[in-house]
Amino acid sequence: KPLPQVVSFVSKQTQLEKGKLLNLGWNLKNFSQLGQLQVMGQIKGGIPIPLKTYDFTQQIPPQLTKQCKSPINETLTCANVNLGLPVKPGNYAISLLPISKNGQKQSSPSKPIQVQVKPTAPKILAFTLNGLSSQTNPSFFLKSGQIMNLNWQVQGDDLKVKLEPLGDVPASASRTLKATKNLSQITLTAQNEQGQSVQRSFLVQVDTPQSAQKQTHPLGAEFK
């Protein structure tokens, strides 16, 4: 008996935001020999994995009754089938693999559809100094030695987060700093692997006590 065979496999989408559904459609012939239909996904450089398996041993499965028409001349036509893709951003090859009822002979998979799952862009949800937001209070006047409590929360995929002058930090955390005369700016930067970045800063002016500004000679005499 002839094996089930994919005649066409289509999607109008070539790019997809992470978490959104991919809309698929297909035509398949030799329907009476179809046991299962697998949607396969393969990220670039990876191995194909089944994303969804539909069981056709008892005709059209319940989750596809609205999307698939009753077969005509052994041809199954389905449209507007929504499928969730893996959450990892990247380029995927999506193909349709029919499996015959006897399972002894393997049908060929369809020609793959190329889809890019786009990462969630970095976003700074919160960045505060002593409880005040960088958006509403971007400038601070501080005394030398004053403790600064910094809190931040960043979201996005594959992020590298930096807090200057401290360096690399987690995406959501808190730190304390002491105000020094060398400190003029505190900057939070988040960037993903695709180069998208976002940044927020506090401008800081540190008031140094007068006594500390007066330079003295090591022997105690005033330095002139």
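In which strand is R200 found? R200 is found in strand 17, which covers residues 197-207. Strands here are DSSP runs of E of at least two residues, numbered from the N terminus.

The structure is a predicted model, in which local features need pLDDT of at least 70, side-chain atom pairs count only at pLDDT 80 or more, and totals for chains, interfaces and linings use all residues. Residues are numbered from 1 along each chain as its sequence is written, and side-chain values use heavy atoms, with hydrogens and water left out.

R200 is buried but has no salt bridge. Buried denotes under 20% relative accessible area, with a 1.4 Å probe and protein chains only; a salt bridge requires a side-chain nitrogen of Lys or Arg within 4 Å of a carboxyl oxygen of Asp or Glu. For R200, the nearest side chain of opposite charge is that of E164, 17 Å away. Lys and Arg count as positive and Asp and Glu as negative, while His and the chain ends are not counted. The side chain of R200 does make a polar contact with the side chain of S134, at 3.4 Å. Such a contact is a pair of N or O atoms within 3.5 Å; within protein, one must be able to donate a hydrogen and the other to accept it, and residues adjacent in sequence count only if both atoms are side-chain atoms. Beyond its neighbours within four places in sequence, R200 is in contact (heavy atoms within 4.5 Å) with residues including I124, F127, S133 and I186.

**Strand pairing**

Two strands pair if DSSP finds at least two bridges between them. An open sheet of five strands has the order 2-8-7-4-5, with mixed pairing. Its edge strands, strand 2 (15-17) and strand 5 (49-55), each pair on one side only.

| Strand pair | Bridges | Example of partners |
|---|---|---|
| Strand 9 (residues 123-129) and strand 12 (residues 147-155) | Six | T128 and N151 |
| Strand 9 and strand 10 (residues 132-133) | Two | L129 and L132 |

Strands 9 and 10 form a hairpin with two residues between them, and N130 in the turn has a positive phi of about 50°.

**Surroundings of V39**

V39 is found in strand 4. V39 is buried, because its relative accessible area is 1%. Leaving aside neighbours within four places in sequence, V39 is in contact with residues including L24, I49, L51, L83 and I94. The C-alpha atoms of V39 and P119, 80 residues apart along the chain, are separated by 22 Å.

Definitions and conventions:
Helices (H or I, at least four residues) and strands (E, at least two) are DSSP runs, numbered from the N terminus. Buried means under 20% relative accessible area, exposed over 50%, partly exposed in between (1.4 Å probe, protein chains only).
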